[in-house]
Amino acid sequence: MEVEQEKSAQEERQQWKLEKDTELRLEIPEGKGKAELVLLQGQGEVFGTELIRNKKFTFKAGSKVAIFTWHGCTVEISGPLEVAYISKETPMVMYLNLHMGLEQKRQKAENSPDESETGPRVLVVGPVDVGKSTLCQLLLNYAVRMGRRPVFVDLDIGQGRVGIPGSMGALLIERPADIEEGFPLQAPLVYHYGHLSPGPNEKLYNKISSKIAEVTKERFEKNKKARASGCIINTCGWVTGTGYRILVHAAEAFDVDVIVVLDQERVYNDLKKQFGNKVQIVHLPKSGGVVVRSQETRRTARDERVRNYFYGMKLNFYPHIFEVRFADIKIFKIGAPAVPDSCLPLGMAPEQNETKLVPVQPGRDLKHCVLALSAAESLEEDLVTTNAVGFVVVNEVDLDRQMMIVLSPAPRPLPRKFFLLSDVKFMDFK
């Protein structure tokens, strides 16, 4: 990689001058405070969101940030930096070309006399730590800056950018992401999956993926602007075996017309064989600034995502803690252990246990578990494919009083009574 300048920066305040088509890549160390960024001159952007001149932007410890400029700019950084360097080797021109290709599809859909024609449905795939989420954010930001209203679909259950880890969802994007806080999560559509990987329940994962595709298509039918804008779909980083099968399922469920493969040529060739000329397959390199995260870093990021749900990224939310009686709620887990065919009565077909609702008796093992509150009002509705209205964390379980104490984003009373159990756990130290 061609690098103009590199520093392991320890100074408290630094100015960096970027030439056109270059990128300043920053890593803020863990546990050493925040860093502040100010654009002094020129024009720059962070993952597609424009920097406002002379406005101070704050990045928390552990953040990885890339400031790109098309025309040149000068920025000032205050605070500790673990890594800081300017690179001319950046795939941003290729990413911009992809955006312009998608924009042509949007214009075609917008000007088509056939009102059923939809804008681009883009599936972004690739292994872990290649920048899929960042590319999705970039494409969404560029689309919104062109006046579009795309739908962001997040199938990456390990991160949970629309909901929390262990959930999948969709969000209509109406304005660029905030540089510090990301996209505003107003009226998101979130579905409970309950695991951090598709592996434990592939059938459930595909069923929810199909449900989100169905609801997205309904949104397109009712919102002309969203229909012309299309959707950007983020996926998990598992691209072999089960991971590959769920990618193919998602591509078919959403009827995608563009698949963007980051970094891995083998996946690109597999998808080319799978879909032939029916889908446009695009192979792009990952950014040189992408950092490989350890398991511990991923675990910390998941905890931070759940904490942000309750307390806000700037600790500006005030969640509630209150008691809930066992008698007032019902808790279920989706999926039952499979029964071997040899154990079944003669002539009886095996049940579809993967999407079966199993009642859960409240006990001490629920402590620190995340529960999804289903929007279903009765058991006549399908709890598996009904969206969640929110999440709570079980802080304590009192079997003597038949009560549990929950952390909730809203005060009592609970709007519904059906909860779905998740593998995700969160310890509230606030």
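Reply: Thr74 is buried because its relative accessible area is 10%, where buried means under 20%, exposed over 50% and partly exposed in between, with a 1.4 Å probe and protein chains only. This is a predicted model, in which local features need pLDDT of at least 70 and side-chain atom pairs count only at pLDDT 80 or more, while totals for chains, interfaces and linings use all residues. Residues are numbered from 1 along each chain as its sequence is written, and side-chain values use heavy atoms, with hydrogens and water left out.

Thr74 sits in strand 9, residues 73–78; strands (E, at least two residues) and helices (H or I, at least four) are DSSP runs numbered from the N terminus. Leaving out residues up to four places away in sequence, Thr74 touches Gln15, Trp16 and Lys17, along with Val38, Leu39, Leu40 and Gln41. Contact here means heavy atoms within 4.5 Å.

Next, the nonpolar cores. A nonpolar core is a set of buried Ala, Val, Leu, Ile, Met, Phe, Trp, Tyr and Cys residues joined through side-chain atoms within 4.5 Å. The largest has 85 residues, and those touching the most other members are Leu155, Ile212, Phe254, Ile259 and Leu271. A second core of 21 residues is separate and includes Leu26, Ile67, Ala84 and Ile86.

Leu271 contacts Val125, Tyr244, Ile259, Val261, Gly276 and Ile281, apart from neighbours within four places in sequence. With residues up to four places away not counted, the contacts of Val261 include Val125, Tyr268, Leu271 and His283. Val261 is also 6.2 Å from Val124, C-alpha to C-alpha, although the two are 137 residues apart in sequence.

Val279 is in the loop between helix 6 and strand 17 (280–284). Val279 counts as buried because its relative accessibility is 8%. Beyond its neighbours within four places, Val279 contacts Val256, Asp257, Val258 and Ile259.

Helix 5 (residues 242–253) has nine of its twelve residues buried, among them Tyr244, Leu247 and Ala251. These buried residues of helix 5 pack against strand 11 (121–125), helix 3, strand 16 (258–262) and helix 6 (265–275). After helix 5 comes Asp255, with a positive phi near 50°.

Helix 3 runs over residues 202–222 and spans 31 Å from first C-alpha to last, close to the 30 Å expected, that expectation being 1.5 Å times one less than the number of residues. Its buried residues include Leu204, Asn206, Ile212 and Phe220.

Helix 3 also gives the most to the lining of the second largest pocket, with four residues. That pocket holds about 340 Å³ of space. Of its 17 lining residues, Ala170, Leu171, Leu172, Ala187 and Arg219 are the closest to its centre. On a 1 Å grid over the protein atoms alone, a pocket is an open set of points where a 1.4 Å probe fits, with protein on both sides within 12 Å along at least five of seven lines; lining residues have an atom within 4 Å of a point. Grid points are joined across faces, edges and corners, and the volume is the space filled by probe spheres set on them. Strand 13 (167–172), like helix 3, supplies at least two lining residues.
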